[in-house]
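Hi,

Here is the structure I promised to send over. Have a look first, and my notes follow below.

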Amino acid sequence: MTAEETGARVQRALDRLTDDTAREAGEELVRALLALHGDGLDRLVRALPQGALGRALDDPAVAGLLTLHDLHPEPVGTRIGRALDATGAGRVERTGFDPATGTLTLRREGRGCGARPEDVENALACHAPEVTAVVWEREESERPLLQIGSRPPAEAR
């Protein structure tokens, strides 16, 4: 289950609590459990030897948890790179990030297949939730693809 799915599941459960008192109790329960999990995760991360988290940081669930509890050891720029690597978006160039607005600007290099924009945005949500908007730039030299059909549409003799 992804972080987004878990968040949606918790929200659906809270939405079923129609009474204001029950809703407040449900939200307090969620906050208490998050605080407990965050405290335990903080102690675990501090107990690990330097660099032991390396490979685990590629996992979107681990990265999301560490980021949620402000325990991720890497700066946002590195986490953006991890998100792009996770999607196989190797042909995507980062051209800018505005931390004030959370806007990340990307440009696809070359042509052909690559990660879908929604895949990139989902990976960014786990690894770098500071990114709140993605703007895709087009290369100025980009020309439309030439479409070649398999044969003429009508009899051509």
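Before the details, some housekeeping. This is a predicted model, where local features need pLDDT of at least 70 and side-chain atom pairs count only at pLDDT 80 or more, while totals for chains, interfaces and linings use all residues. Residues are numbered from 1 along each chain as its sequence is written, and side-chain values use heavy atoms, with hydrogens and water left out.

Of the 157 residues, 24% count as buried (under 20% relative accessible area; exposed is over 50% and partly exposed in between, with a 1.4 Å probe and protein chains only). Among contacts (heavy atoms within 4.5 Å) with a separation of 6 or more, 54% are between residues 24 or more positions apart.

Now the helix pair I looked at. Helix α4 (residues 76-86) packs against helix α5 (residues 117-127) at an angle of about 140°, and their axes are 8 Å apart. The axes are lines fitted to C-alpha atoms over the stretch in contact, and angles run from 0 to 180 degrees between N-to-C directions. The two helices are therefore oblique to each other (under 35 degrees is roughly parallel, over 145 roughly antiparallel, 65 to 115 roughly perpendicular, and the rest oblique). On the α4 side, R79, I80, R82, A83, L84 and A86 make the contact, meeting V120, A123, L124 and H127 of α5. By type, the residues of this contact are seven nonpolar, one polar and two charged (Ala, Val, Leu, Ile, Met, Phe, Trp, Tyr, Cys and Pro are nonpolar, Asp, Glu, Lys and Arg charged, and the others, Gly among them, polar).

Which residues of α5 are buried? They are V120, A123, L124, C126 and H127. Their arc around the axis is only 160°, so they lie on the same side of α5 (the arc is that of the directions from the helix axis to the C-beta atoms). Their cover includes α1 (3-15), α3 (60-68), α4, β2 (103-108) and β3 (133-137).

Leaving aside neighbours within four places in sequence, P60 contacts C126 and H127. P60 and A123 are 63 residues apart in sequence, with 7.2 Å from C-alpha to C-alpha.

Cheers

Technical notes
Helices (H or I, at least four residues) and strands (E, at least two) are DSSP runs, numbered from the N terminus.
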